[in-house]
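These notebook entries record what I looked up in one structure. I took the topics one at a time and noted what I found under each.

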Amino acid sequence: MYELRKNHIVQIPLSDNKTISGVVEDYTPDRVLVSIAQNSVELAENLRELDELTVFVYTFMGIKKMVSNVITELNKNNCIVIENAPAVPVVQKRKFVRVLSSIKFQMLKDNNMINCVCANISAGGVAFFCDNISLNIGELVKFIFSAADFGKEIICKAEIIKKDGELAVGKFYDLNPYDEDRIVKHVFNLIASQ
């Protein structure tokens, strides 16, 4: 998979609705060394050489899928080696990669400053929690992200596009390219650290 890089998150769904999770430890054009997450080791012990796997990789270009084979079974370092196969057509049709985040930011609504906590973020918008605030779909607000998280303060307008209890989703609509790049960098740093 051309888009695959070190530290990308890997998920391998199994037929019994369980999933093996891991991280790309290293790769070459024909194979990938995957470090299996501790909570998936028991499942990975059942993988055998030449088993065919569907593999989802969280890349910088979104979630990509490949059909791969096991080359080397689980070793003492909790790693497996799988075939580095070409990506099949895009799984995630989103324009931007979304990542879980818990940063705090502020929302300006009706001249009131409201504290919010991020649930996930992408260069296109943010899902967030805020207590005791009435938001309506289509409502315009302003988000203020701190310099501590993005290298400089980011202030942008957003439209509320979803509301479910205390969770809301705001879509950025006037984000300048420089601030968008800062958010993209933040997203990639979060992906790499997971």
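**Entry 1: Strand pairing around β11**

I began with strand β8 (residues 104-109), which pairs with β11 in the antiparallel sense over 3 bridges. The model I am reading is a predicted one. Within this pairing I looked up M107, and its bridge partner in β11 is F143.

I then followed β11 to its pairing with β12, which is also antiparallel and runs over 6 bridges. Here L140 has E159 in β12 as its bridge partner. As a reminder to myself, strands of a sheet pair through backbone hydrogen bonds, in either the parallel or the antiparallel sense.

I looked up K157 and found its place in strand β12.

**Entry 2: The barrel**

I next traced a closed barrel of 6 strands, in the order β1-β2-β3-β6-β5-β4, with antiparallel pairing. From one strand to the next, the twist averages 45°.

One pairing I inspected residue by residue. Strand β5 (residues 62-72) and strand β6 (residues 79-83) run antiparallel and are joined by 2 bridges. In this pairing I found T72 opposite V81 in β6.

I located F60 in the loop between β4 (52-59) and β5. Its relative accessible area is 32%, and F60 is therefore partly exposed.

**Entry 3: Cysteines**

How many disulfides does the structure hold? I found 0. A disulfide is a covalent bond between the sulfur atoms of two cysteines, so I examined the sulfur distances for two of the cysteines.

For C130, the closest cysteine sulfur is in C116 at 4.5 Å, which is too far for a bond. The cut-off I applied is 2.5 Å between the sulfur atoms. For C156, the closest cysteine sulfur is in C118 at 12 Å, again too far for a bond.

I also looked up how accessible these two residues are. C130 has 4% relative accessibility and so counts as buried. C156 is likewise buried, with a relative accessible area of 2%.

**Entry 4: D131**

I placed D131 in the loop between β10 (125-129) and β11 (140-145). At 53% relative accessibility, D131 counts as exposed, because the limit for that class is over 50%. From D131 to V117, 14 residues away along the chain, the C-alpha separation is 9.6 Å.

**Entry 5: Salt bridges**

I counted 5 salt bridges in the structure and looked up the following pairs.

The side chains of R31 and D30 form a salt bridge at 3.8 Å, N to O; the distance criterion is within 4 Å. R31 is partly exposed at 37% relative accessibility, and D30 is partly exposed with a relative accessible area of 45%.

D110 and K109 meet through their side chains at 2.9 Å, N to O.

I noted K152 as partly exposed at 33% relative accessibility and D179 as buried at 5%.

Note on methods:
Residues are numbered from 1 along each chain as its sequence is written. This is a predicted model: local features need pLDDT of at least 70, side-chain atom pairs count only at pLDDT 80 or more; totals for chains, interfaces and linings use all residues. Side-chain values use heavy atoms; hydrogens and water are left out. Buried means under 20% relative accessible area, exposed over 50%, partly exposed in between (1.4 Å probe, protein chains only). Two strands pair if DSSP finds at least two bridges between them. Helices (H or I, at least four residues) and strands (E, at least two) are DSSP runs, numbered from the N terminus. Axes are lines fitted to C-alpha atoms, for helices over the stretch in contact, and angles run from 0 to 180 degrees between N-to-C directions.
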